Amino acid sequence: MFLCYLSLGVLVFQTTSLVLTMRYSRTLQAEGPRYLASSAVVVAEVMKILTCVLLVFKEHSEMNLETN
């Protein structure tokens, strides 16, 4: 049950930090073109998918080592 609450806390932290970082970076008075908010969301989602896939592969390889 602890892992459920830990996962929930990490997801809340990740989403909150993404929103706050995007808002801060888009309100800066910097010169040049601004990025699209949708592109930042896509990049964040791709990073989450890659992280999940890597963790699944790591867990799967550890399970194979234990059974051999």
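The charged end of Arg26 sits over the ring of Tyr35, at 5.4 Å from the ring centre; the test here asks for NZ of Lys or CZ of Arg within 6 Å of the centre and within 35 degrees of the ring normal. The model is a predicted one, so to speak of local features takes a pLDDT of at least 70 and to count side-chain atom pairs takes 80 or more, while totals for chains, interfaces and linings use all residues. Residues are numbered from 1 along each chain as its sequence is written, and side-chain values rest on heavy atoms, with hydrogens and water left out.

Ser25 is partly exposed at 29% relative accessible area, where buried means under 20%, exposed over 50% and partly exposed in between (1.4 Å probe, protein chains only). Ten residues along the chain separate Ser25 from Tyr35, and their C-alpha atoms lie 9.4 Å apart.

As for the overall fold, the protein chain has two helices and zero strands, both taken as DSSP runs (H or I, at least four residues, for helices; E, at least two, for strands) numbered from the N terminus. The radius of gyration is 17 Å, well over the 11 Å from the globule rule for 68 residues, so the chain is more spread out than a compact globule. That radius is taken over C-alpha atoms, and the rule is 2.2 Å times the number of residues to the power 0.38. Along its principal axes, the C-alpha trace spans about 60 × 25 × 15 Å.
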